[in-house]
Amino acid sequence: MEKAIAVLLKEPVLLTGSSRTDAGVHAVQNFFHFDIKEARSDLLKVKLVYNLNAILPPDIAVKGLREVAADAHCRFDATSREYQYYISRYKNPFLKDRSFYFPYKLDRDKMQQAAVILLEYKDFTSFSKRHTQVRSFICNIEKSEWSWKEGYCVYYVKGNRFLRGMVRALTATMLKVGRNRISLDQFREIIEAKDCTKASFAVPPEGLFLMSVKYPSDES
């Protein structure tokens, strides 16, 4: 998208995203910011959105453009992010690229208990991929729960920030709880170990969706 914007504006741009995601992860909502030499009129913004969507690939859609303060940062200014991870319980060709097919028997109650346990903790070092360049592994999780639907289940999680690979690691490790491969006490031990070799990261990116990103202006 960076190249497409640069072509249409006829000036180089550096695009910064609100959330960094692995290849294959989906985003229902995401934000990016970039600097340009001068402000554009509302009419030009509408035209730019139209032209961007005309040249971008079909799996990317631009919904709108707006001016923000010069010091605004779409990643660091975000107050919360919400993710959902979809797991298909039955084979469904239409969900092949949008969920993780996992037909094994699961203990729903234990998985929900594990999700609630996460709300007690702040340090999620165990659920971050190696060699992640962050200053802190502290995350404030305000929502963590499983929802069971006909033919699939969804893990919902909302927090102020997430570490690289964190949501997939949480999901994969709770699936081990659901299959009785590890107990709830062992799940706690994994969290408290602050060691990513203790957690599981064995779920594919296709089941993960970034659902929303919120900013202070959304809460006023």
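A193 counts as partly exposed because its relative accessibility is 36%, where partly exposed lies between buried, under 20% relative accessible area, and exposed, over 50% (1.4 Å probe, protein chains only). This is a predicted model, in which local features need pLDDT of at least 70 and side-chain atom pairs count only at pLDDT 80 or more, while totals for chains, interfaces and linings use all residues. Residues are numbered from 1 along each chain as its sequence is written, and side-chain values use heavy atoms, with hydrogens and water left out.

You can find A193 in helix α5, residues 184-193. Helices (H or I, at least four residues) and strands (E, at least two) are DSSP runs, numbered from the N terminus. Setting aside neighbours within four places in sequence, A193 is in contact with S126 and K198; contact means heavy atoms within 4.5 Å. T125 is 68 residues away from A193 along the chain, yet their C-alpha atoms are separated by 8.4 Å.

Now look at K45, in helix α2. Is K45 buried or exposed? K45 is buried, with a relative accessible area of 15%. Residues up to four places away in sequence aside, K45 touches R40, L65 and E67. With E67 there is also a polar contact between the two side chains, at 3.3 Å. A polar contact is a pair of N or O atoms within 3.5 Å; within protein, one must be able to donate a hydrogen and the other to accept it, and residues adjacent in sequence count only if both atoms are side-chain atoms.

**Two pockets to explore**

On a 1 Å grid over the protein atoms alone, a pocket is an open set of points where a 1.4 Å probe fits, with protein on both sides within 12 Å along at least five of seven lines; lining residues have an atom within 4 Å of a point. A volume is the space filled by probe spheres set on the points.

| Pocket | Volume | Lining |
|---|---|---|
| Largest | about 1,700 Å³ | 45 residues |

In the largest pocket, M1, N30, F31, F32 and G64 lie nearest the centre. Helix α2 gives the most to this lining, with three residues. The lining of the largest pocket divides into 26 nonpolar, nine polar and 10 charged residues. Here Ala, Val, Leu, Ile, Met, Phe, Trp, Tyr, Cys and Pro count as nonpolar, Asp, Glu, Lys and Arg as charged, and the others, Gly among them, as polar.

Helix α4 gives the most to its lining, with three residues.
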